[in-house]
Amino acid sequence: MAKIGLSMTDQLPTNIPRRILALRAIFSTNRAYRQFEERFRYLLERRRAEIAAGVIAEARCVALIGASGSGKTTAVRHLITTQTDLISNDPETGRMDVASLSVPTPATLKFVGQTTLAALGFPLRREKTAQTIWDMVKDHLAARRTLFLHYDEAQDLSRHQTPKELNSVVTTLKSLMQHPVWPVGLILTGTEELKTIVNHDAQLARRVYPVEFPRLNPLLDTDRVIHLLSHYTERAGMSVGDDVATTEFAARLIHAADREFGLLIELAISALEEAMRAEAEKPEVIHFTHMFRKRAGCIDGLNPFVAGDFERIDCRRLLDRGGET
């Protein structure tokens with residue numbers, strides 16, 4: 001976890017945005033992230049050893065799968081930016097160890113290729129065929145000495161695709177890893193649908209190291225959530241309220257976050273901001289209640305921090321009135 005200190009001056013109400021920014025800069029690890037980092041480091045060190053030995057071997061892929069709000073995009077960003085031996089963009093040599101981009105919409109093979117070229121710093125200036133575009137992508141990956149190509153929202157590569165188009169996508173991904181001159185590793189991040197792509201072709205699947213961000217379990221993870229709340233509250237210069245540091249409240253927070261790790265941290269920080277603006281000494285249930293009311297626009301009967309039977313609430317719904325007209 002990152003350590004960003006807050007002075008007494010920073011804790012004044014007028015510095016709330018700065019305090020919140022410091023909280024958002026904290027990165028909380030979990031078992032899935034550590035597994036993801038271990039897989040990435042293994043492939044990175046293997047690729048560098050091959051380059052040093054003059055060996056050309058096909059690259060591999062890490063697929064990080066999780067629901068919206070699980071924290072997978074933040075995890076990749078943190079991994080890439082904290083690896084001190086990675087060069088993101090050297091203006092003198094042109095070296096770019098990792099190129100990262102989101103899959104565009106529509107995710108046609110041609111448009112994805114164009115977006116990849118732009119991420120490598122070579123936007124197209126005239127129309128070309130998909131085959132030509134991907135040949136250019138491979139040439140520029142080699143020119144920039146790129147070791148890994150990261151596609152976020154990679155599940156979109158399979159949406160609205162015919163079987164023939166999906167075959168072309170899979171073939172293109174494999175061709176990047178099997179390039180005879182400069183093979184490039186892949187990092188794919190996406191939702192459950194990403195499994196459709198990696199399982200579509202057995203040859204692709206055997207080249208993939210899958211890592212899944214599991215959902216939080218309200219029966220098993222409450223102690224962990226209480227610890228996280230305590231950590232963030234302490235870093236905000238506050239103390240934890242007694243009504244917040246309970247297993248029942250942790251279960252409510254887990255449900256409010258739809259059991260997703262990244263979203264839970266986001267909600268906790270938003271509630272801490274509510275407490276700061278109220279000039280409270282510690283976050284209490286009321287601050288989480290106000291936070292969720294603002295976020296979802298729901299009535300109190302559908303607020304998981306108020307309702308008795310909170311587990312029935314769909315916390316992803318906005319402006320829910322429970323059937324009111």
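What share of the contacts in the chain with a separation of 6 or more comes from residues 24 or more positions apart?

## Overall architecture

In this predicted model, residues 24 or more positions apart account for 68% of the contacts with a separation of 6 or more. The chain holds twelve helices and five strands, and its C-alpha trace spans about 60 × 50 × 40 Å along the principal axes.

Of the 325 residues, 47% count as buried, while the accessible surface comes to about 16,200 Å², with 52% of that area belonging to carbon and sulfur atoms.

## Helix H11

Helix H11 covers residues 261–277, and from its first C-alpha to its last it reaches 25 Å, close to the 24 Å expected for its 17 residues at 1.5 Å a residue. Because twelve of these 17 residues are buried, H11 is largely enclosed by the rest of the structure.

Among the buried residues of H11 are Phe261, Leu264, Ile265, Ile269, Leu272 and Met276, and Glu274 is also one of them. The partners against which the buried residues of H11 pack are helix H1 (16–24), helix H9 (222–235), helix H10 (247–256) and helix H12 (285–296). After H11 comes Glu279, which has a positive phi, near 55°.

## The loop around Leu124

Leu124 sits in the loop that runs between helix H4 (109–119) and helix H5 (130–143), and its relative accessibility is 24%, so this residue counts as partly exposed, given that buried means under 20%.

Once neighbours within four places in sequence are set aside, Leu124 is in contact with Gln114, Leu117, Ile133 and Met136. Gln114 lies ten residues from Leu124 along the chain, and the C-alpha atoms of the two are separated by 6.7 Å.

## Aromatic pairs

Across the whole structure, a search finds eight aromatic pairs. One of them joins Phe27 and Tyr33, whose ring centres are 4.8 Å apart and whose planes meet at 65°, so the pair is edge-to-face; Phe27 and Tyr33 are both buried.

Phe292 and Phe305 make another edge-to-face pair, with 6.1 Å from centre to centre and 70° between the planes. Since Phe292 belongs to helix H12 and Phe305 to the segment after H12, this pair ties together parts that are 13 residues apart in sequence. Both Phe292 and Phe305 are buried, and together with Phe249 and Phe288 they form one aromatic cluster.

Technical notes: Residues are numbered from 1 along each chain as its sequence is written. This is a predicted model: local features need pLDDT of at least 70, side-chain atom pairs count only at pLDDT 80 or more; totals for chains, interfaces and linings use all residues. Side-chain values use heavy atoms; hydrogens and water are left out. Helices (H or I, at least four residues) and strands (E, at least two) are DSSP runs, numbered from the N terminus. The expected span of a helix is 1.5 Å times one less than its number of residues. Buried means under 20% relative accessible area, exposed over 50%, partly exposed in between (1.4 Å probe, protein chains only). Contact means heavy atoms within 4.5 Å. Accessible areas come from the Shrake-Rupley method with a 1.4 Å probe; for residues, only the protein chains shown count as cover. Rings of Phe, Tyr and Trp (its six-membered ring) pair if their centres lie within 6.5 Å; planes under 30 degrees apart count as stacked, over 60 as edge-to-face and the rest as tilted.
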